[in-house]
Amino acid sequence: MLLFSGYTEGRDLCTFRTGGQIRYFGEIRKKEDIKDALDFSETAKLPLIAIGEGSNLIFGDGLLNVIVLKMNIKGIETTGKGTDSLDITAGAGVNWDSLVEYTIKAGLSGLEALSAIPGSVGASPVQNIGAYGCEAADTIVSVEVFDRTDGMFKIIPCAECRFGYRDSIFKKEGKGRYIITSVTFRLSKYPPPIPQYPDIIDFFRVKGQSAPSLGEIREAITTIRWSKLPDPATLPNAGSFFKNPVVDAETGRRIKMEYPDARVFPLDESRVKIAAGWLIEKAGYKGLSFGKISVYDKNALILVNNGGANHADLTAARGSISESVMEKFGIILEQEPDEVI
Ligand code: EPU
């Protein structure tokens with residue numbers, strides 16, 4: 001029988017550490033518990049929200065009339081064997097970096113560039129986590145879900161997950177419908193390539209290493225990552241606060257003409273991606289504070305909670321940043337973390 005606690009502090013359930021009280025909170029440790037949670041939601045007439053470790057999540061202030069379910073289904077197992085690959089299935093509640101560590105110890109390549117990303121396995125397909133030129137979608141074979149429309153467990157193959165840049169079906173049409181219970185990844189038995197991202201290429205060039213091991217790549221990524229991103233355990237944050245905007249090539253050219261140092265990356269013939277961190281820094285916001293919220297001084301893409309900030313402080317900060325970037329560059333910034341308000 002699944003038990004719920006009443007009036008749980010939202011700030012204890014997310015790494016940004018803001019938020020009011022959650023009306024009901026429960027933890028799902030096995031798949032069967034989900035049905036209990038649905039019954040409870042129907043009786044209480046309150047919406048259900050499934051979360052992982054809360055590292056890409058913002059809660060609003062005051063009383064939030066929702067039932068929050070922390071997905072805590074554990075377990076990692078080998079579920080498929082190919083000549084060159086192994087399929088590994090991990091429960092939604094497995095810590096993401098523990099899975100990466102497990103695969104590296106097993107000599108499997110595919111997740112090493114995603115080392116040290118906070119959060120859980122179940123959250124990885126939702127925003128299609130990505131870093132250093134790789135994203136979860138590159139290795140995901142399928143996602144197991146509980147479908148709330150018919151009460152069945154289903155396997156959604158990668159091709160039907162509609163993965164995009166920090167995007168998937170689970171953020172759009174499937175939001176609220178699917179509860180992710182496990183994810184299967186196909187990992188390679190071959191030696192890893194060096195992730196093709198400037199910081200990583202430079203790191204190994206300086207060291208004179210052309211064929212680093214999985215462990216060495218993991219170590220490099222972890223070091224580079226933590227030099228740019230604040231540890232949520234000591235400085236609460238939700239990772240990148242904005243997505244890198246994708247704009248038409250003409251806008252990219254215009255910005256590059258005006259600002260030759262602009263970080264503009266071609267995507268295809270008609271679109272470019274612009275580094276949001278650069279836009280925010282150029283708009284003069286790096287290191288600025290709005291009450292208890294600051295733009296991180298080493299990386300303008302991150303907002304940090306200096307302690308005791310609430311959702312209203314955050315609204316003021318993001319409003320001011322977005323407006324300035326719009327005014328200066330004519331570009332709309334889109335928030336990256338999910339929000340429950
Ligand atoms: N930049 C600035 N000023 C800043 C921050 C960045 O000029 O204050 C410039 C950098 O110099 C660089 C460019 O912007 O030329 C890109 O910066 P970086 O390599 O740090 O990556 P990012 O685009 O800011 C993305 C992901 C991160 C991921 C890194 C590494 C998004 C929204 N963010 O950040 O993901 O770790 O690439 O691959 O796509 C996350 O999603 O939470 C996250 C941390």
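This is a predicted model: local features need pLDDT of at least 70, side-chain atom pairs count only at pLDDT 80 or more; totals for chains, interfaces and linings use all residues.
Which residues are the closest to the ligand? They are Tyr-132, Tyr-165, Tyr-197, Arg-263 and Glu-281, and 24 residues surround the ligand in total.

Residues are numbered from 1 along each chain as its sequence is written, and side-chain values use heavy atoms, with hydrogens and water left out.

Start with the ligand shell. By class, the shell has 10 nonpolar, 6 polar and 8 charged residues. Here Ala, Val, Leu, Ile, Met, Phe, Trp, Tyr, Cys and Pro count as nonpolar, Asp, Glu, Lys and Arg as charged, and the others, Gly among them, as polar. Four elements each supply at least two residues of the shell: β8 (130-131), α4 (214-228), β13 (237-240) and α6. Helix α6 gives the most, with 3 residues. Helices (H or I, at least four residues) and strands (E, at least two) are DSSP runs, numbered from the N terminus.

Next come polar contacts, meaning pairs of N or O atoms within 3.5 Å. Within protein, one atom must be able to donate a hydrogen and the other to accept it, and residues adjacent in sequence count only if both atoms are side-chain atoms. A polar backbone atom of Tyr-132 is 2.6 Å from an oxygen atom of the ligand. Asn-244 places a polar side-chain atom 2.8 Å from a ligand oxygen atom. At Gly-277, a backbone N or O atom lies 3.5 Å from a nitrogen atom of the ligand. The protein covers 85% of the 820 Å² of accessible area that the ligand has on its own. Accessible areas come from the Shrake-Rupley method with a 1.4 Å probe; for residues, only the protein chains shown count as cover.

Now turn to helix α5 (residues 249-258). Ala-249, Thr-251, Gly-252 and Ile-255 are buried there. Seen down the axis of α5, the buried residues fall within an arc of 160°, so they line one face of the helix. The arc is that of the directions from the helix axis to the C-beta atoms. On the other side of α5, Arg-253, Met-257 and Glu-258 are exposed. Buried means under 20% relative accessible area, exposed over 50%, and partly exposed in between (1.4 Å probe, protein chains only). What do the buried residues of α5 pack against? They pack against β14 (246-248), β15 (264-266), β16 (271-274), α6 (276-282) and α7 (311-329). Contact means heavy atoms within 4.5 Å.

Two single residues are worth a look. Ser-182 lies in strand β12 (residues 178-188). Ser-182 is buried, with a relative accessible area of 11%. Beyond four places in sequence, Ser-182 touches Thr-89, Ala-90, Gly-91, Ala-92, Val-143 and Glu-144. Ile-129 sits in the loop between α2 (96-105) and β8. Ile-129 is buried at 8% relative accessible area. Its contacts beyond four places in sequence include Trp-96, Leu-114, Cys-134 and Arg-166.

Finally, the backbone. Most residues other than glycine have a negative phi. Tyr-7, not a glycine, has a positive phi of about 50°. Tyr-7 lies in strand β1 (residues 5-9) and is partly exposed, at 44% relative accessible area. Arg-162 also has a positive phi of about 50°. Arg-162 is found in the loop between β11 (152-157) and β12, and counts as exposed at 51% relative accessibility.

Key: A residue is near a molecule or strand if one of its heavy atoms lies within 4 Å of it.
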